[in-house]
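Trainee: Could we go through this model together, chain by chain?
Mentor: Happy to; here it is.

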Amino acid sequence: MKSHVWRPLFVVIGIVLLILIARQFLVPKDFGIHERGYMYGWYKKSNEEYWKTKIAVKYKSAEYCKDCHSDKYAMIMQTPHAIIQCENCHGPAMEHPSDPPKLAIDKSRAQCLRCHYPLPYPTSGRANIRGIDPEKHNPDVECSMCHNPHKPKIGGTK
Amino acid sequence: MINRRDFLKNAVKGIAGLALPLAAIEIVSPRKLFAAKGETGKESKIRWAFLVDTYKCVGCGLCVKACKLENEVPYDANVTRTWVERYVLTKDGRVFADTPKGARDGFTTSKIDLGEGKFQDIKKDDIQKAFFVPKLCNQCENPPCVQVCPVGATYQAPDGVVLVDRKWCIGCGYCIMACPYGVRFFHPVYKVAEKCNFCYHRITKGLKTACVQACPFGARMIGNIKDPNDPVSRIIRNERVSVLKDEYGTRPQVYYIGISREVI
Amino acid sequence: MVHGEAWTVKELFVTPNEYIYWSVQIVMYPFMTGLVAGAFVLSSLYHVFGIKQLKEIARFALVFSLALLPVAMMPLQLHLQQPQRGIEVFLTPHFTSAIAAFGIVFSTYGAIVASEIWFVYRKYIVETALALRNKADKSTGEKIYHLIFSLLTLGSYDISEKALHQDEKAVKILAGIGIPVACFLHGYAGFIFGSVKANALWMTPLMPVIFIMSAVVSGIALCMLTYIVVMEIRKFLAARKKTTYETYESTEEIKGIEINVIKMTAKYLLFFLIFAISLELLDLIFRGYTAVKTWDILRSVIYGKDFLDIFVFQYGIGNLLPFILFLLPGLTIRRTVVGVLLVLFGVFMMRWNVVIGGQSFSLTFAGFMHYHLPIIPHDIETFKEGLFGALLVIITPFVLFWGLNKIFPVFIKEVH
């Protein structure tokens with residue numbers, strides 16, 4: 001049809017074509033529909049690898065610590081604190097001992113109070129943990145002055 | 001006169017030209033493309049699921065601390081991938097709940113945080129029941145956050161975990177709005193949508209998530225619901241468990257033991 | 001600082017990640033889209049249904065809706081955390097997302113508006129292009145104009161009787177297609193909110209319809225306002241005999257046309273306003289009557305925290321008051337100006353109460369969030385999503401309209 005009427009349509013088609021061509025270059029090749037179908041599986045496949053490999057594992061668990069620090073490990077395993085991971089107080093091991101060579105230990109009262117602030121909550125495990133009133137119980141000193149966290153009983157090895 | 005090389009060149013160009021409209025179809029009906037890649041029928045043998053035993057949780061918040069450090073969510077930013085809520089129900093029927101800083105530092109006061117700098121102390125004798133509820137991404141079977149992403153930057157991996165593509169997310173916030181559980185937020189550094197992904201870098205290496213590992217009381221567990229011998233899978237199938245907000249049809253995959261109706 | 005923290009204050013039990021993530025720009029977005037759709041519907045009333053009384057304002061509304069079009073995208077760009085990636089909505093659209101589908105509908109709509117304007121102005125474009133072509137020793141400005149107009153002809157210089165008749169037909173068809181697309185466009189903006197099942201206030205199938213109705217209301221109101229302003233300026237110029245337009249001779253003539261157009265348009269405004277209010281009230285009554293689980297928190301937001309915003313500002317000052325102003329006999333221009341300003345304010349407040357109101361309560365249904373609009377910007381975020389960002393969005397369409405008017409003069413007699 002040789003009418004001018006269609007010219008705006010050609011412009012529109014041209015723009016659409018431009019976008020489609022741009023798609024060829026700008027959209028990653030592995031972008032498409034994957035296992036969960038279109039609604040939940042429309043994505044760039046290689047991003048799975050990003051989450052699997054690009055994030056460093058920082059918390060290594062007590063298994064990682066116990067060979068070098070066998071004395072401490074053996075000690076704490078005799079106490080109620082055996083359930084607490086080393087890294088909960090010592091911080092994430094990361095690549096220790098190479099990086100970082102020394103871990104920063106959290107010795108704050110707040111760290112102990114996470115469990116030992118008394119909250120008498122029925123139906124919660126918290127009610128069964130012995131607690132102290134932080135405002136009355138030697139308020140100005142670190143707990144580890146008297147209590148060894150690895151052997152939490154006054155007059156222990158410390 | 002047209003030689004063979006030119007003919008081939010033109011033929012390739014012609015085919016490329018014809019393929020262009022196919023690219024358009026790819027957006028609309030990508031199942032075909034998917035089939036062509038030969039990826040159909042390969043169903044994952046893993047479906048991650050999480051189990052929380054609220055009877056065991058003491059609200060120490062060590063899980064939150066570990067999560068933030070493990071997943072590089074700035075420690076002092078007021079957002080978190082996982083958090084612990086405290087519910088205190090009084091004898092006269094009132095419900096108090098709070099989660100100061102997402103319980104990153106645990107609950108070290110009996111005062112309930114009411115926001116805006118106000119606190120409410122509840123006397124021991126007034127308490128009817130009280131407990132802690134850890135929260136994290138439910139990795140829904142039908143994730144509404146994925147459904148609404150306009151660009152395909154968030155998706156459900158074959159093993160059921162919902163991930164965010166940090167390089168493709170435009171940061172519109174629609175997924176944050178769509179999540180009924182409030183687990184999503186904008187990462188303060190990357191400026192894209194961020195969420196709990198069951199420590200995907202750990203579970204795919206056979207490790208436990210940081211929060212599961214950090215929990216001294218075994219209140220958090222993760223497992224493969226497709227494996228009938230998996231301990232978590234067994235509990236979910238054999239015992240009475242519940243999920244959060246199932247009325248939204250999201251089919252959440254974080255199961256709870258011991259929550260009551262006050263928990264939302 | 002976390003996005004949203006700067007303007008959110010939390011009260012009672014709110015989960016850690018909850019903030020008012022969709023702030024003032026997302027209020028602006030449906031407001032501006034609404035104006036686009038409304039302006040277009042107004043112009044179509046003349047082109048499709050041949051409502052002659054609207055002839056004068058129709059062309060005006062059409063160009064204005066083109067000026068508003070890019071501005072509807074602006075708030076979205078301003079609120080994105082990664083604005084440079086916004087184009088991905090067209091590259092990898094995810095059609096299960098209302099936002100991606102919106103991108104497609106929006107572009108379609110833009111194409112329709114642009115085409116319609118092209119047909120309406122084709123004769124003018126060709127004449128101007130030819131006149132410029134034939135002119136000897138053009139200045140630089142004229143050279144640029146010549147280039148623009150030559151491009152705008154799209155290579156067609158046919159302005160025979162037959163060709164112009166075809167144009168007329170094309171305009172009619174485009175305007176006809178345009179109405180459902182405009183409604184669809186704005187319905188989609190409503191769908192973006194209405195389909196969020198996690199949000200108790202937003203989730204209602206009525207949302208798209210409510211959005212369309214209030215969109216038309218606001219679009220008509222803005223067209224009336226701008227029309228009056230432009231006419232007043234022209235009256236002023238006519239009085240001083242400095243006018244460069246050759247359309248009308250005397251102030252009296254302009255006055256007569258102006259009040260007639262306004263009276264006619266006001267009727268349509270009222271008609272759509274009644275529709276919009278009825279639907280909103282229906283939604284409110286229905287929620288109260290069915291009183292599902294979420295009603296407790298919604299009630300405390302609607303009748304408590306947001307009472308002033310909803311019942312005083314939106315319904316009272318924004319709806320009821322202009323309603324009375326328009327219904328009182330002997331409508332004057334001055335009263336109309338007050339009326340349409342209030343209507344615009346009312347529609348803005350409606351968007352505000354939906355977007356901000358919907359985020360003012362927690363997913364726990366036991367806590368609230370309060371929004372504090374950043375006034376003085378202290379970083380890029382508080383500028384973009386603060387008062388000045390919003391003002392920028394409001395001003396832009398008028399600047400664009402001024403620019404467009406240089407190419408498509410709104411007031412020339414006998415263009416169409």
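Mentor: Let's start with a term: two residues are in contact if their C-beta atoms, placed from the backbone, lie within 7 Å. This is a predicted model, in which local features need pLDDT of at least 70, side-chain atom pairs count only at pLDDT 80 or more, and totals for chains, interfaces and linings use all residues. Residues are numbered from 1 along each chain as its sequence is written, while chains are lettered from A and ligands numbered from 1 in the order in which they are written.

Trainee: Of the contacts in chain B with a separation of 6 or more, what percentage comes from residues 24 or more positions apart?
Mentor: Chain B has 264 residues, and 50% of them count as buried (20 or more other C-beta atoms within 10 Å of a residue's own; 12 or fewer is exposed, and in between is partly exposed). For contacts with a separation of 6 or more, the share from residues 24 or more positions apart is 61%.

Trainee: How many helices and strands does chain B have?
Mentor: Both are DSSP runs numbered from the N terminus, helices being H or I with at least four residues and strands E with at least two. For chain B that comes to eight helices and 12 strands.

Trainee: In the open sheet of three strands in chain B, which helix packs on it?
Mentor: The strand order is S11-S1-S12, with mixed pairing, where two strands pair if DSSP finds at least two bridges between them. S11 (220–224) and S12 (254–257) of chain B are the edge strands, and S1 (residues 48–53) pairs with S11(B) in the antiparallel sense over five bridges. Touching S1, S11 and S12 of chain B, and with a direction at about 95° to that of S11(B), is helix H8 (residues 231–238) of chain B; such angles run from 0 to 180 degrees between N-to-C directions, with axes as lines fitted to C-alpha atoms, for helices over the stretch in contact.

Trainee: Which element gives the largest share of the side of chain B that touches chain A?
Mentor: Here 55 residues of chain B are in contact with 44 residues of chain A. The chain B side divides into 31 nonpolar, 14 polar and 10 charged residues (Ala, Val, Leu, Ile, Met, Phe, Trp, Tyr, Cys and Pro count as nonpolar, Asp, Glu, Lys and Arg as charged, the others, Gly among them, as polar). The largest share, five residues, comes from S6(B).

Trainee: Which element gives the largest share of the side that touches chain C?
Mentor: In this interface, 43 residues of chain B are in contact with 39 residues of chain C. By class, the chain B side has 29 nonpolar, 10 polar and four charged residues. The largest share, four residues, comes from H5(B).

Trainee: Is Leu80(C) buried or exposed?
Mentor: Leu80(C) sits in the loop between helix H2 (55–79) and helix H3 (88–91) of chain C. Leaving out residues up to four places away in sequence, Leu80(C) touches Ile170(B), Gly171(B), Cys172(B) and Gly86(C). Because 20 other C-beta atoms lie within 10 Å, Leu80(C) is buried.

Trainee: Finally, what ipTM does the predictor give the complex?
Mentor: The pTM of the complex is 0.88, and the ipTM is 0.89.
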